[in-house]
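Visitor: Please take one part of this model and go through it closely. I would like the salt bridges and the packing beside them, with the cut-offs stated.

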Amino acid sequence: PHPSSPSIKQQQTVQPTMKTTSLLVLAFATTTSAFGSFGKPKATTPKLPMPTFDDATQRYVKSPDDDGVMPYDAIGSALRHGPVPFITRLTNADEYEQGVLKYMGTAKVSRAEAVGNMDAKLNNPLDWSYQKMEEKNGKPKIDYTVLDPKQAALTSVWALAITPLVINVVSSTVSQFNNEPGPCVSKAFEGLGICSSYIPH
């Protein structure tokens, strides 16, 4: 054999040593990784501020941790889901808030998700109920807080064109009734000053 070449016995000795070293390095790395993961705190989902129900008042009460901030204003409701939730928020804000709190408590969702669902339900109860049934069967949730450009365009047309037309028709009808009331058909208006001269006595 060549003087500088290791003998067969030396080669057999070196190979197990390299294997042992590799196994030790791998075991150390695995242990370090395991302890590293144990040492880091697990990411936890923040607890939602759930409302409570007051039996005495028969009303839902928001959690002290709930800031009560809506994800969008009444105009945002109109742009997303049409005139019905918009009008409800303006004319019956308390009932609207109670509906939001109820959905938060029953569905265990955030205020933003509850507001979106409340608006969708007010806009189209049948479609909303059908979607909820589908979700129970495994269908993905719909994010009702997302602004759909098509819906926003339809709402804009409603706000800029249809609403003034409706107001004009109602105003004209009332004006015509006041000027030419015609014979009253019911005594329900008696005492209200509405076409009183036409009410038979």
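Guide: Glutamate 97 counts as buried at 18% relative accessibility, where buried means under 20% relative accessible area, exposed over 50%, and partly exposed in between (1.4 Å probe, protein chains only). Arginine 111 is likewise buried, with a relative accessible area of 7%. The two form a salt bridge whose closest N and O atoms are 2.9 Å apart; the term stands for a side-chain nitrogen of Lys or Arg within 4 Å of a carboxyl oxygen of Asp or Glu. Glutamate 97 lies in helix α4 and arginine 111 in helix α5, so the pair ties together parts that are 14 residues apart in sequence. Helices here are DSSP runs (H or I, at least four residues), numbered from the N terminus. Asp66 is linked with Glu97 and Arg111 in a network of salt bridges.

This is a predicted model, in which local features need pLDDT of at least 70 and side-chain atom pairs count only at pLDDT 80 or more, while totals for chains, interfaces and linings use all residues. Residues are numbered from 1 along each chain as its sequence is written, and side-chain values use heavy atoms, with hydrogens and water left out. pLDDT is the predictor's confidence in each residue, from 0 to 100; its mean over the chain is 75, and 54% of the residues reach 70 or more.

The count of salt bridges comes to 5. One of them joins lysine 141 to glutamate 113, with the closest N and O atoms 2.9 Å apart. Lysine 141 sits in the loop between α6 (125-136) and α7 (149-179) and glutamate 113 in helix α5, so this pair connects parts 28 residues apart in sequence. Lysine 141 is exposed at a relative accessible area of 55%, and glutamate 113 is partly exposed at 25%. Another salt bridge is between the side chains of lysine 132 and glutamate 135 (3.0 Å, N to O). Both residues lie in helix α6, 3 residues apart, about one turn of the helix, and both are buried.

Lysine 132 is also among the residues touched by tyrosine 103, including Lys108, Val109, Ala114, Asn117 and Trp128, not counting residues up to four places away in sequence; contact means heavy atoms within 4.5 Å. Tyr103 belongs to the largest nonpolar core, which has 13 residues. Such a core is a set of buried Ala, Val, Leu, Ile, Met, Phe, Trp, Tyr and Cys residues joined through side-chain atoms within 4.5 Å. Tyr96, Val100, Tyr103, Met104, Ala114, Val115 and Trp128 touch the most other members. Two or more residues come from each of α4 (93-107) and α5 (111-123), and α4 gives the largest share, 5 residues.
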